[in-house]
Amino acid sequence: MDPRITGASRGDRLRLAAIGIWLALALAVIVVRYADAFRAPNDTARANAALDLVDRTLGGGNSVFPDQGLMVEARGRIPPDGAFQVAVGDAQPGWTDLTATFAETYARYFLLPRRAEPGADWILCLACDRAAFPGADAVWEGEAGLSLLRAEQ
Amino acid sequence: MSVRAITGLVVLNAGFAALGLSLLYALRGFSRWQDAARLAGLGHLLGVAAFGVVWTELLVLGVPFNGRGIVATLVLGIAGACVAGRLLGRPVPRLARGPGLTTLALLVTAAGVALVGLLLEAFFRAARLQSLQASNAWAFWVPKAKAVYFFEGLDEQVFTVSAGPTYPPLLPIVDAAAFHAMGSVDVVTLHLQFWFLLVGAVAALAGLLYRHVPAWLLWPSLLVVLVVPRFGERLLTPQADVLVDVFFVLAALLVALWLDDRQGWRLAAAAVLLAGATLTKREGLLFAAVVVGAALVASWRTRRRDWPLLGAVALVAVAAAVPWRLWYRARDVSGEAPGDLGLGVGADRTVDALRLSLDVLFETSLWSVVPFLFLLALAAGLAWGDRRLGAYFAIVLGAAFLGGAWVTYSYADIPITANEALNPIVRYTGALVLLAAAAMPLLLASAWRHGRGSERP
């Protein structure tokens, strides 16, 4: 249409076209993406609800420790004002890439307010050299070389 | 994971919102209760920032952090701000009808609220029973929060031995307050605290923009950003990335609106948010510099009047950041910034870092086409709208983008990769995409009004 008739200059048409294109693109993205964006959290909610309490409590620790028992036992046995140390030996079958690297980091998080201290009485032993802890007894032993030791008082 | 824990979080976040709204009352007053409701989201984030900044300084001074302290801070802050508001002559808000919406605006708003609300409700259910998976969360963010909760302060062992010892403590403080509100260290329900922050951020953007842009630009902008593949539930990860981004985006928006109407309360609120950003993540300082720097350029013509005000904003942000930096330096912790600020890095790495930032920004599998939409809106704003506003957002976007590239090239130990476990550039770029939600409607509304005088919706 003749711009002199509509009163719209070329610049105006360009302006309206740009805004129109933006709006069309934005609405198209919303139409395409909204269903997925809504489905994903629903799937997550279902998966989360299916987890048992220990899985949910450990979270990322499930990828670190091959046996959930170590963290559960440590939290149950070491008093809140107690201290622990983490001793890691050679990798064992069942360990993940994260086990040796992140065991202490995760234990520091999970067991707070229990503190990580060198020489502590409680030893989270991951296939460790038990001879390095003379007098320490295993109070719990699990799979993949994991155990909880306690040194003599 | 109990109803009691959720109720505690509701009360805590209502407290944050009440604190922020009281500050807004002192700063600007509310003539109508509807105005307070419209700005409740901004009030929530402002309350979180103010609470976090105050408690960071108190913890540096050695004041113990506990339930009584949390309640006292909120009650004293709310009462003090309300009294200050009355002394400043702010009127008591009343119930009164405001300007009505057109039928179209009403329909679009209803659809927008419904679609955003549905999405947020789905996020709530996802967060409700979410286990703590994010490695940075259990490696240092949550341990620091647990330390603040159990030891009532900045425990030296946890804060100096954990990864990221220079990362500021605002988020751990907010998390620790959430633990107190929940009644235990419930790291599962903690995800809902981040849901509240997200709801606050969405409400803040909508509430701030509502009077400045048409509904048909506001809600598509919010929705298109919320549905990008990279966001979704990741917005609820208990890390500081999203919170620092939200502080940055809201401050940038407030300053953009201030450039338009020069209402001083916007700058004051932006200062509090930027102070919060500097104490949330290290790049908060960078974001604060970006916002203030862009505003300095955009207000060049009125520099005699405006620059002292912007200088005050910068001063507040920096002053808030200093005590924490003194605390960790006194404990021989360093490494917040590269020693030579990256000046000694070769040109190859600089180019590679820029290319990586560009690749990540325009990666459609992460952000869909939102960066392209942002650029289109920017071009429209610069071509047909308020050029000062366009220039401001162009500088904010450009400088923040270059800041991301600088982070990569200046830390020689960060590999040039989009792998999130090795390089933070993807998480960092989220700030630019969130910025789009605030900037796009303003820029397009400015271009839209060009041919229609200066009428406001």
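Two strands are said to pair if DSSP finds at least two bridges between them. With that in mind, this briefing looks at a predicted model, in which 35 residues of chain A are in contact with 42 residues of chain B. Chain A is divided into domain 1, covering residues 3–50, and domain 2, covering residues 59–150, and the C-alpha centres of these two domains lie 51 Å apart.

**The sheet of chain A**

- Five strands of chain A form an open sheet with mixed pairing, and their order across the sheet is β2-β1-β3-β5-β4.
- The edges of this sheet are taken by β2 (115–116) and β4 (137–141) of chain A, each of which has a single partner strand, so one side of each is left without a neighbour in the sheet.
- Helix α4 of chain A, residues 69–77, lies across β1, β3, β4 and β5 of chain A and runs at about 20 degrees to β5(A).
- Helix α5(A), in turn, lies across β1, β2 and β3 of chain A, and its direction is at about 170 degrees to β1(A).

**Strand β5(A) and its partners**

- Strand β5(A), residues 146–150, pairs with β4(A) in the antiparallel sense over four bridges, and β3(A) and β5(A) also pair in the antiparallel sense, over five bridges.
- A:Leu148 in β5(A) has A:Trp140 standing opposite, and A:Leu124 stands opposite A:Leu148 as well.
- A:Ser147 in β5(A) is the bridge partner of A:Glu141.
- Five of the five residues of β5(A) are buried, with A:Leu146, A:Leu148 and A:Arg150 on one side of the strand and A:Ser147 and A:Leu149 on the other, so that both faces are covered.

**Backbone details**

- Most residues other than glycine have a negative phi, and most peptide bonds are trans.
- β4(A) and β5(A) form a hairpin with four residues between them, and A:Ala144, which lies in the loop between these strands, has a positive phi near 55 degrees.
- A:Ala144 counts as partly exposed because it has 17 C-beta neighbours inside 10 Å, whereas a buried residue needs 20 or more.
- B:Asp332 also is not a glycine and has a positive phi, of about 60 degrees, and its place is in the loop between α14 (303–329) and α15 (347–361) of chain B.
- B:Asp332 counts as exposed because it has 8 C-beta neighbours inside 10 Å.
- The peptide bond from A:Leu112 to A:Pro113 is cis, with omega near 15 degrees, and A:Pro113 lies in the loop between α5 and β2 of chain A.

**Where the chains meet**

- On the side of chain A that touches chain B, the elements that give two or more residues are α2 (10–50), α3 (53–58) and α5 (99–111) of chain A.
- Among these elements, α2(A) gives the most to that side, with 23 residues.
- By class, the side of chain A that touches chain B has 22 nonpolar, six polar and seven charged residues.

**The largest nonpolar core**

- The largest nonpolar core has 216 residues, and the members that touch the most others are B:Ala251, B:Leu273, B:Leu274 and B:Val291.
- Helix α19 of chain B, residues 425–450, gives the most to this core, with 19 residues.
- Domain 1 and domain 2 of chain A both give residues to this core, so it lies between them.
- Leaving aside neighbours within four places in sequence, B:Ala251 is in contact with B:Ala270, B:Leu273, B:Leu274, B:Ala277 and B:Val291.

Definitions and conventions. Residues numbered from 1 in each chain as written. Chains lettered and ligands numbered in written order. Predicted model: local features only at pLDDT ≥ 70, side-chain atom pairs only at ≥ 80, totals over all residues. Contact = placed C-beta atoms within 7 Å. Nonpolar A, V, L, I, M, F, W, Y, C, P; charged D, E, K, R; others polar. Axes fitted to C-alpha atoms, helices over the stretch in contact; angles between N-to-C directions. Core = buried A, V, L, I, M, F, W, Y, C linked by C-beta atoms within 7 Å. Buried ≥ 20, exposed ≤ 12 C-beta atoms within 10 Å, placed from the backbone. Domains from an automatic or database assignment.
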